[in-house]
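Reader: I have a two-chain model open here. Can you walk me through how the strands and helices are laid out?

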Amino acid sequence: MMVTKDERSDIRTEDQVVRVRQMVRQWATELGFSLVDLTKIVTAASELARNTVIYGGGGTFELQELQNNGRRGLRVVFEDHGPGIGDLELAMRDGYTTGNGLGLGLSGAKRLVNDFEIDSRPGEGTRVAITRWK
Amino acid sequence: MERIPILKMGEFLLVTIQVDMHDRLAMTLQEDLMTKIAANGARGVLIDISSLEMVDSFIGRMIGQTAAMSRVLDAQTVVVGMQPAVAITLVELGLALEGVRTALTVEKGMDLLRACVESRMEDVTDDGHEG
């Protein structure tokens, strides 16, 4: 698998969640994603970007254009150095939330993409990577 | 402060969301709508989301809550114009917007809103006979 293009940016405030959506949309459009695929990855990225700001206290996001055996894809990676997630299994469950959301962020985002990786250590932070293939 | 305009059309309020809303803007819209419903005695709210290219769990929840809050204030809400890709994504995300009335176009939405308000008035009249 090859990364053919990448870009990294800070995400600190709520307004920047909108910027993440716009950038993901732009990259997915350039890759020629169908409207449904594009909407899914933009929505998943929006959920994760909000988590990074609200639960992670801000962090970074990275966009990567991928190529694998002629297949192209888009990966978005969110990283923060917040409190981390104690029980990942519980956090991935529909409806579970420690905030005042609906508890659909992580579980919902996972359903909207092809690959979903999460790595979190209490006290160290959280890294979530999502990929949607064309 | 940035705000989404709310138009008054007779006893209805009309909102067209044309910008990619950040969370605070969505909450401001919700508060503004409730204030206007109460101030104008509005009977219905039509929310046009045809320009929205994405509805995530936060905006979805705001829409659902807005419909529930309006109902408490005796106003009906109809959401119109959701794009097919947005509907597909929203349901897969886990939000089916149950309890929110929807229509495909503004015109159909207005018809639905009028019908909802009329049937609500009939209910009230029927209840009135009891007391």
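**Strands and helices**

Author: B:V45 stands opposite B:T77 in strand 4 of chain B. Strands here are DSSP runs of E of at least two residues, helices are runs of H or I of at least four, and both are numbered from the N terminus. This is a predicted model, where local features need pLDDT of at least 70, side-chain atom pairs count only at pLDDT 80 or more, and totals for chains, interfaces and linings use all residues. Residues are numbered from 1 along each chain as its sequence is written, while chains are lettered from A and ligands numbered from 1 in the order in which they are written.

Reader: In what sense do strand 3 and strand 4 of chain B pair, and over how many bridges?

Author: Strand 3 (residues 44–48) and strand 4 (residues 76–80) of chain B pair in the parallel sense, over 5 bridges. Two strands pair if DSSP finds at least two bridges between them.

Reader: What is the strand order of the open sheet in chain B?

Author: The order is 1-2-3-4-5, in an open sheet of 5 strands with mixed pairing. Its edge strands, each pairing on one side only, are strand 1 (6–9) and strand 5 (101–103) of chain B.

Reader: Now helices. At what angle do helix 1 and helix 2 of chain B pack?

Author: About 10°, with their axes 10 Å apart. Axes are lines fitted to C-alpha atoms, for helices over the stretch in contact, and angles run from 0 to 180 degrees between N-to-C directions. Helix 1 and helix 2 of chain B are therefore roughly parallel to each other; that label covers angles under 35 degrees, with over 145 roughly antiparallel, 65 to 115 roughly perpendicular and the rest oblique.

Reader: Which residues of helix 1 and helix 2 of chain B make the contact?

Author: Among them are B:M27, B:L33 and B:I37 of helix 1 and B:F58, B:M62 and B:M69 of helix 2 of chain B. Two residues are in contact if their C-beta atoms, placed from the backbone, lie within 7 Å.

Reader: Over to chain A. What is the order of the open sheet there?

Author: In chain A an open sheet of 5 strands has the order 1-2-3-5-4, with antiparallel pairing. Strand 1 (2–11) and strand 4 (115–121) of chain A are the edge strands.

Reader: Which strands does helix 1 of chain A lie across?

Author: Helix 1 (residues 14–30) of chain A lies across strand 1, strand 2 (59–68) and strand 3 of chain A, at about 10° to strand 2.

Reader: And what is the bridge partner of A:V76?

Author: A:I130, in strand 5 of chain A.
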